[in-house]
Structure formats: C-alpha cells, structure tokens
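Thanks for passing this one along.

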Amino acid sequence: MKSAVIVFPGSNCDRDAHDAIAKVTGHAPAMVWHQESELPEGTDFVMVPGGFSYGDYLRCGAMASRSAIMPAIVAHAATGAPVLGVCNGFQILTESGLLPGALMRNAGLKFVCEKAKLKVENANTRFTSHYEGGAELIVPIAHHDGNYFADDETLDRIEGEGQVIFRYGRNPNGSKRDIAGITNEQGNVMGMMPHPERAVDEKHGGTDGLKLFESLLGSA
C-alpha cells in the first residue's frame, strides 16, 4: 500500500507517523507539504498527523483545513480510500467536513499529556480488524483541544451506525460519551485524539497502537 503523510507548518508528529508506517509496511511514506495541490500518483492511504498546524491560531485545524492539499484529500476520501487523522489531524478532518462533530477546549482548560486507557468499541473496521472487540489499550495523548462535541442527534446516529471506534476508559478532556475516535459513515475516514503512532515500539513505552497500522496496512 502506497502511503502519504501530510506536513503542515507546526506539524510535530509527522516523523512519528512516517516511522510507524515504515515499520509496518517496510516502505517510507511520501511526505507531502500542505501547499501541494495533488497527492503522489498511486497513493492508497493518507495520514494527517498531529501537532499544532499554523500554531493552533483561530481554531485548531481551521486554517489547515483550507490548505491547498485538502481538496485532494477530500477527493481521495470520496473514492473510499482510507484517511487517518490523529490529534490535530482529527481536528483538521472535522474542520474540513470529512468527519462529524468538533473538537473543543479540554473541559479543564489545560493541556493534557499522559497515557490514556482506551476501549476498542468497534473491531469490525478497516482500522481495527486486528484488535478484539472490547480490547483495552494504553495509548498516549497530548492535546489542549480534544474535547469531542456533537449534538445529541449526531451522537445517537454515530453510535447507532458503529462509527464510535475508541472510547476513553477515564475521560481526560470532557469528550461527549467518552469518545476518543470515530469514523465517517462510509468507514474509510477515521479521526482519533490518542496517538497510535507513538505506541508501536516497546522501547517507547508500548505497542498498543501497532495493530491499528497492521489492520490498515495489511501486515500479519
């Protein structure tokens, strides 16, 4: 699978994303600057990494969602191809309309950096097929605006359609219904606040994020 990682001014998890993808596939992803207007030919998978695009000015992800590369990502997603947004990437995907809801300031109005307990709510997705349903994971978080919000009608809909993929064991940010990660209705676009790319090596504290990339990128 040919992969691409989008790089914005202020991205700081693009290298982690690069290394996680390379670890699973054996091939380095293309690093695509946000001012490009097209994805590399033959791109199968796009990852929008974490960080602080444009310094998190205005709203987190709002300026990045208007970058030149975004129409190509929207078009890529429309074909049913996979897109993963992590942390700031999740914010960018909601701001661009690829995912429902919004990410607001943490309920405690403080930056949270810790290892978070997650539960796999739906293992029947292209992002989670290597996990067992209900599996409990430890995955790092590091965000100030990770408080997932949507109105009750939207929340009921995404719950009913199986779009809630990860849920916090202990809610660190005030997210509605403890939501940590969701997909779009078609199931090919996923956003999550925790950082699976930082949980792929025992030397870095654990490997609970590795199966996400193995699920997505086809490793046994």
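1. Let me begin with the lining of the largest cavity, which is made by Gly51, Phe52, Asp56, Cys60, Cys87, Asn88, Gln91, Phe111, Ala142, His143, His144 and Asp145. A cavity here is a set of points, on a 1 Å grid over the protein atoms alone, where a 1.4 Å probe fits but cannot get out, and lining residues have an atom within 4 Å of a point. Helix α3 (88–95) and strand β7 (136–143) each supply at least two residues of this lining. Helices (H or I, at least four residues) and strands (E, at least two) are DSSP runs, numbered from the N terminus.

2. A word on what you are looking at: this is a predicted model, in which local features need pLDDT of at least 70 and side-chain atom pairs count only at pLDDT 80 or more, while totals for chains, interfaces and linings use all residues. Residues are numbered from 1 along each chain as its sequence is written, and side-chain values use heavy atoms, with hydrogens and water left out.

3. The space inside is about 60 Å³, where a volume is the space filled by probe spheres set on the grid points, which are joined across faces, edges and corners.

4. The search of the whole structure finds two cavities of 30 Å³ or more.

5. Now the chain overall. It has five helices and eleven strands. Its radius of gyration is 16 Å, close to the 17 Å that the globule rule gives for 220 residues, so the chain is as compact as a globular protein of that length. That radius is taken over C-alpha atoms, and the rule is 2.2 Å times the number of residues to the power 0.38. Along the principal axes, the C-alpha atoms fill a box of roughly 40 × 40 × 35 Å.

6. How much of the chain is buried? Of the 220 residues, 54% count as buried; buried means under 20% relative accessible area, exposed over 50%, and partly exposed in between (1.4 Å probe, protein chains only). Among contacts with a separation of 6 or more, 73% are between residues 24 or more positions apart, a contact being heavy atoms within 4.5 Å.

7. Helix α5 (residues 210–217) deserves a look, since seven of its eight residues are buried. Those are Leu210, Leu212, Phe213, Glu214, Ser215, Leu216 and Leu217. They pack against β1, α1, β3 (45–48), β4 (83–86), β9 (164–168) and β11 (189–192). Just after α5, glycine 218 takes a positive phi of about 85°.

8. Serine 3 lies in strand β1 (residues 3–7) and, at 6% relative accessibility, counts as buried. Leaving aside residues up to four places away in sequence, serine 3 touches Ile21, Pro29, Ala30, Phe45 and Leu217. Valine 24, in helix α1 (residues 14–25), is buried too, with a relative accessible area of 15%.

9. Please check two backbone angles. Most residues other than glycine have a negative phi. Aspartate 56, however, has a positive phi of about 60°; it sits in the loop between β3 and α2 (70–78) and is partly exposed at 23% relative accessibility. Aspartate 178 also has a positive phi, near 60°, and lies in the loop between β9 and β10 (179–183), partly exposed at 30%.

10. Finally, is arginine 66 buried or exposed? Arginine 66 is exposed, with a relative accessible area of 61%, and its place is in the loop between β3 and α2. Its C-alpha atom is separated by 9.7 Å from that of histidine 34, 32 residues apart along the chain.

How values were computed: 1 Å grid on protein atoms, 1.4 Å probe; cavity = no way out; pocket = protein on both sides within 12 Å on 5 of 7 lines; lining within 4 Å.
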